[in-house]
Amino acid sequence: MPTLKIYPNDPLALVSCQIDIKVEKIPTLSTSRKLQEFLPERKDLLSHQIKIDQESPKAATTKMISSPRWLSRDRRTHHYLQFSPLDPDGSTIVTAVVETTDYKGFEKFNQLVSAAIENLLDSVQNPDLSRIELRYLDELRVPSDSTTGHIDWQLWISEDLLYPLNSIRNLVQSPIPLQTLSVLQAEDDKFVKIRHGRGQGYEFEGVNDFSRELPSPGPYFLLDITTESFFAPGTSPRALPQKLDDLHTTARGVFESLIPDKFRKEVLENDRHSK
């Protein structure tokens with residue numbers, strides 16, 4: 001695999017990390033100085049949590065929950081928490097999400113995730129790490145034929161992503177799937193999900209006050225790679241950065257294996273194609 005580096009013209013539309021942690025109760029969070037350096041603005045979102053007693057459904061209780069969210073000033077990076085109560089033990093799964101459309105490389109992203117998780121763990125007792133997920137959503141854009149405007153994707157991506165379903169050719173307009181999802185097992189506790197296919201416009205444009213600097217619209221090939229791993233009971237939170245690094249190494253290896261040198265040299269390493 002080629003040496004890992006930051007490409008001057010990367011195709012990333014979104015990078016996200018999601019970590020599930022079981023805690024004894026919903027924490028009340030402050031904002032650490034380290035997290036504030038990355039994400040200086042905070043907005044708390046209020047939601048209602050409804051708890052229904054199965055033995056007495058009419059005796060439902062409603063509780064107001066404040067879900068914190070931290071944002072960068074340019075609204076291209078944010079971090080938020082979601083709370084999912086577990087019955088009957090009364091504990092809660094906290095899902096910590098960090099997302100960015102302004103990816104500056106894995107090292108900086110890992111530092112941001114660490115700051116977000118440290119800020120959470122400062123407010124909880126006996127955290128139990130459950131699951132971690134790292135996602136890279138790429139929109140691969142390449143030059144079209146100057147005469148026909150057509151893109152021959154066989155020149156730009158691995159043929160493994162273009163296999164037609166010839167057995168149903170007579171039932172569809174084209175036997176080449178518009179989109180495919182594959183789930184593969186990398187290790188006993190690690191999985192890789194690859195969603196891919198041809199698209200038009202944008203796969204992700206941004207939502208509300210989480211924005212993206214958009215390239216020119218047009219055809220693209222989606223390569224959405226997610227690596228996921230589960231923690232053994234009692235895993236120390238100190239293991240998180242290394243676990244995230246391992247997921248990144250796998251995701252990057254998958255990406256590099258699915259693009260040929262032509263795409264790497266003529267697009268990724270070509271400043272003139274910059275967004």
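Reader: Why is R76 called buried?

Author: In this predicted model, R76 has a relative accessible area of 14%.

Reader: What makes E213 and R76 a salt bridge?

Author: Their side chains meet at 3.6 Å, N to O. The cut-off is within 4 Å, so the pair counts as a salt bridge.

Reader: Which parts does the pair of E213 and R76 tie together?

Author: E213 sits in the loop between β10 (210-211) and β11 (219-230), while R76 sits in the loop between β3 (56-71) and β4 (77-85). The pair therefore ties together parts that are 137 residues apart in sequence.

Reader: How do you know that R252 and E256 are separated by about one helical turn?

Author: Both belong to helix α3 (residues 240-258) and they are 4 residues apart there.

Reader: Are R252 and E256 buried or exposed?

Author: R252 has 14% relative accessibility and E256 has a relative accessible area of 4%. Both values are under 20%, so both residues are buried.

Reader: What makes E133 and R131 a salt bridge?

Author: The closest N and O atoms of E133 and R131 are 3.0 Å apart, and that is within 4 Å. E133 is buried at 16%, and R131 is buried at 9%.

Reader: Which residues are linked in a network with E133 and R131?

Author: D20, K193 and E228 join them in a network of salt bridges. The whole structure holds 24 salt bridges.

Conventions. Residues are numbered from 1 along each chain as its sequence is written. This is a predicted model: local features need pLDDT of at least 70, side-chain atom pairs count only at pLDDT 80 or more; totals for chains, interfaces and linings use all residues. Side-chain values use heavy atoms; hydrogens and water are left out. Helices (H or I, at least four residues) and strands (E, at least two) are DSSP runs, numbered from the N terminus. Buried means under 20% relative accessible area, exposed over 50%, partly exposed in between (1.4 Å probe, protein chains only).
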